[in-house]
Amino acid sequence: MATKATPEVSRDLSAKITEEIAEAARAILQKHGMEMAPTRSKYGAEYQLTLKASPQRLGKIGVNLATMDAQMWRLYATSMYGISAEQAEDALGEVIYTSAKTGDLILVGFNDRKRKMPVMARSLKDGKDYYLPETSLAKFGIKPMRGVYA
């Protein structure tokens with residue numbers, strides 16, 4: 001007796017489902033003063049979606065100061081780079097990199113688990129997040145403190 005093949009969830013179907021759920025979740029979270037982080041999904045024999053949200057506390061240029069990345073930036077900026085807490089918060093939303101492909105990238109946080117590219121930036125052109133090396137912080141007079149760039 002032959003066994004039936006398990007139906008697979010395709011990449012296209014996964015993307016469509018994720019977008020529909022994310023759109024609905026974004027509206028609900030916005031109503032409650034929260035902001036959704038980028039979603040992650042897994043597909044194959046089953047479909048799995050991970051949503052993360054944080055309270056909104058908007059700073060300069062609409063950067064959410066309540067995200068873990070923004071909090072990590074304030075922590076590292078004050079402890080490792082010697083910047084005051086006010087300067088660190090003011091730096092969030094500043095343009096730190098410009099290119100023809102991505103447009104202007106603004107500082108939105110710091111991810112200490114990404115050793116080579118810990119600086120988190122968001123494109124003003126398309127809203128995508130990018131990771132940059134510590135050398136991108138030279139605008140603020142910061143020299144790399146660790147990693148391959150130190």
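**Entry 1: T67.** I began by asking which residues T67 touches once its neighbours within four places in sequence are set aside. I found contacts with E35 and with S54. The model is a predicted one, so I am reading all of this as computed from a prediction. T67 sits in the loop that runs between strand 4 (53–55) and helix 2 (68–79). Is T67 buried or exposed? I get a relative accessible area of 17%, and because the cut-off for buried is under 20%, T67 counts as buried.

**Entry 2: the overall layout.** Next I stepped back to the whole protein. I counted three helices and eight strands. Reading from the N terminus, I wrote down the order α-β-β-β-β-α-α-β-β-β-β. The protein has 150 residues, and 31% of them are buried. I also looked at contacts with a separation of 6 or more: 38% of these join residues 24 or more positions apart.

**Entry 3: helix 1.** I picked two residues here, S14 and R26. Both belong to helix 1, S14 by its entry and R26 by its own, which gives the helix as residues 11–31.

S14 has a relative accessibility of 2%, so I put it down as buried. Which residues does S14 contact, leaving aside those within four places in sequence? My list reads V9, S41, Y43 and Y47.

R26 comes out at 41% relative accessibility, so it goes down as partly exposed. With its neighbours within four places left out, R26 is in contact with E19 and M36. I also checked R26 against L51: they are 25 residues apart along the chain, and their C-alpha atoms are separated by 10.0 Å.

**Entry 4: strand 6 and its partners.** I then turned to strand 6, which covers residues 103–110. How many of its eight residues are buried? I count seven, so strand 6 is largely enclosed by the rest of the structure.

On one side of the pairing list I have strand 5 (residues 95–99), which runs antiparallel to strand 6 and is joined to it by four bridges. Within that pair, V95 stands opposite I106. Strand 5 and strand 6 make a hairpin, with three residues between them.

Strand 6 also pairs with strand 7, again antiparallel, through five bridges. Here I marked G109, which stands opposite M120 of strand 7.

**Entry 5: strands 7 and 8.** I followed the chain onward. Strand 7 (119–123) and strand 8 (129–132) pair in the antiparallel sense over four bridges. The bridge partner of R122 is D129, in strand 8. These two strands also form a hairpin, this time with five residues between them. In that turn I noted G127, whose phi is positive at about 80°.

Y131 is part of strand 8. Its relative accessible area is 31%, so I call Y131 partly exposed. Beyond its neighbours within four places in sequence, Y131 contacts N111, K114, M117, V119 and M120. Y131 and A121 are 10 residues apart in sequence, and I get 6.1 Å between their C-alpha atoms.

**Entry 6: the largest pocket.** What is the volume of the largest pocket? I get about 1,100 Å³. Its lining has 35 residues, and the closest to its centre are A37, P38, D69, M120 and D129. M120 was already on my page as the residue opposite G109, and D129 as the bridge partner of R122.

Which elements supply at least two residues each to this lining? I have strand 1 (34–36), strand 4, helix 2, strand 6, strand 7 and strand 8. By residue type, the lining divides into 15 nonpolar, 10 polar and 10 charged.

Methods
Residues are numbered from 1 along each chain as its sequence is written. This is a predicted model: local features need pLDDT of at least 70, side-chain atom pairs count only at pLDDT 80 or more; totals for chains, interfaces and linings use all residues. Side-chain values use heavy atoms; hydrogens and water are left out. Buried means under 20% relative accessible area, exposed over 50%, partly exposed in between (1.4 Å probe, protein chains only). Contact means heavy atoms within 4.5 Å. On a 1 Å grid over the protein atoms alone, a cavity is a set of points where a 1.4 Å probe fits but cannot get out, and a pocket is an open set with protein on both sides within 12 Å along at least five of seven lines; lining residues have an atom within 4 Å of a point. Grid points are joined across faces, edges and corners, and a volume is the space filled by probe spheres set on the points. Ala, Val, Leu, Ile, Met, Phe, Trp, Tyr, Cys and Pro count as nonpolar, Asp, Glu, Lys and Arg as charged, and the others, Gly among them, as polar. Two strands pair if DSSP finds at least two bridges between them.
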